[in-house]
Amino acid sequence: MGNMAVGLVTEPSTKSPTEAVFFDVLGTLVELEPPWLTLREAVGDDVPEEKLIRAVKLEMAYYKEHSHEGRDPASLAELRGRCAELLTRELGVEVTLDELIAAIRFHPYPDAAPALAALRGRGLRLVAVSNWDSSLTAVLDRCGLAEALDGAVSSAEAGASKPDPAVFLRALELAGCEPERALHVGDTPEEDAAGAAAAGIRCLIVDRKGGGDIASLAEVEGRL
């Protein structure tokens, strides 16, 4: 029995050590408070709840499609102005730019900061990679996550939105890392998994309700 292992050859591991972890932002590191909760006071009680929610979701979809156009303060203000105009048309009630901005409130997920701290403690380079306008770093700062990251790359900076690999390639440059030594964590297979794959990067999909590769960012450390 003691000689059963004689003659067996153990193949060396070909798995590259992970040097950098990229994170999607919305739905992965932070969540958006439903804007219609704050806009309710601005639009008044005459607007039905269903109409308000539908209009806000249309505005959110429009912003998502055009977020890469907000490259600087001027173009971002113009994009936000278009979003406020869309809401005004849909609701039949004026929604000012200030009211729209006030309704956009992000909060970090409880597992975000501890997971980033644990990964930073392992010496990994951490970069946010997100379909976002030029305000990405400011949002991460307000959510208390900016200092835990080594940088952030938005679709506005890259000039293209995920699943286009451009934003991932920019993140690899920022991290000084080869694709096979990076890991991306996101919440959408269509954008995160497809975009990471196009750049040659492994991806984990987080779904806090189950059904993803992981259910919490706390699991990332064990999947390096």
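**Ground rules.** I am working with a predicted model, where local features need pLDDT of at least 70, side-chain atom pairs count only at pLDDT 80 or more, and totals for chains, interfaces and linings use all residues. Residues are numbered from 1 along each chain as its sequence is written, and side-chain values use heavy atoms, with hydrogens and water left out.

**Whole chain.** I found 9 helices and 7 strands in the chain; these are DSSP runs numbered from the N terminus, helices being H or I with at least four residues and strands E with at least two. The C-alpha trace spans about 85 × 35 × 30 Å along its principal axes. Of the 224 residues, 41% count as buried (under 20% relative accessible area, with exposed over 50% and partly exposed in between, using a 1.4 Å probe and protein chains only). I also looked at contacts, meaning heavy atoms within 4.5 Å. Among those between residues at least 6 apart in sequence, 63% join residues at least 24 apart.

**H1 with H2.** Two packed helices are described by the angle between their axes and the distance between the axes. Helix H1 (residues 35-43) and H2 have axes that come within 10 Å and cross at roughly 120°. The axes are lines fitted to C-alpha atoms, for helices over the stretch in contact, and angles run from 0 to 180 degrees between N-to-C directions. H1 and H2 are therefore oblique to each other (under 35 degrees is roughly parallel, over 145 roughly antiparallel, 65 to 115 roughly perpendicular, and the rest oblique). From H1, the contact uses Pro 35, Trp 36, Leu 39, Arg 40 and Val 43, and from H2 it uses Glu 49, Leu 52, Ile 53, Val 56, Lys 57 and Met 60. I sorted the residues of this contact into 8 nonpolar, no polar and 3 charged (Ala, Val, Leu, Ile, Met, Phe, Trp, Tyr, Cys and Pro are nonpolar, Asp, Glu, Lys and Arg charged, and the others, Gly among them, polar).

**H2 with H3.** The axes of H2 (residues 49-66) and H3 (residues 73-91) come within 9 Å and cross at roughly 155°. That makes H2 roughly antiparallel to H3. This crossing is right-handed. The H2 residues that meet H3 include Leu 52 and Val 56, and their H3 counterparts include Leu 79 and Leu 86. The residues of the contact divide into 11 nonpolar, 1 polar and 4 charged.

**Thr 28.** Is Thr 28 buried or exposed? It counts as buried, because its relative accessibility is 0%. Thr 28 sits in the loop between strand S1 (20-23) and strand S2 (30-32). Its side chain reaches the backbone nitrogen of Asp 187 at 3.4 Å. Beyond its neighbours within four places in sequence, Thr 28 has contacts that include Phe 23, Tyr 109 and Leu 217.

**Pro 163.** I noted a cis peptide bond joining Lys 162 and Pro 163, with omega about 15°. Pro 163 is in the loop between helix H7 (155-158) and helix H8 (166-175).

**Gly 200.** This residue lies in the loop between helix H9 (189-198) and strand S7 (202-205). Gly 200 counts as partly exposed because its relative accessibility is 45%. Leaving aside neighbours within four places in sequence, I found Gly 200 in contact with Pro 179 and Glu 180.

Key: A crossing is left-handed if the near helix is turned anticlockwise from the far one by less than a right angle, and right-handed if clockwise. A polar contact is a pair of N or O atoms within 3.5 Å; within protein, one must be able to donate a hydrogen and the other to accept it, and residues adjacent in sequence count only if both atoms are side-chain atoms.
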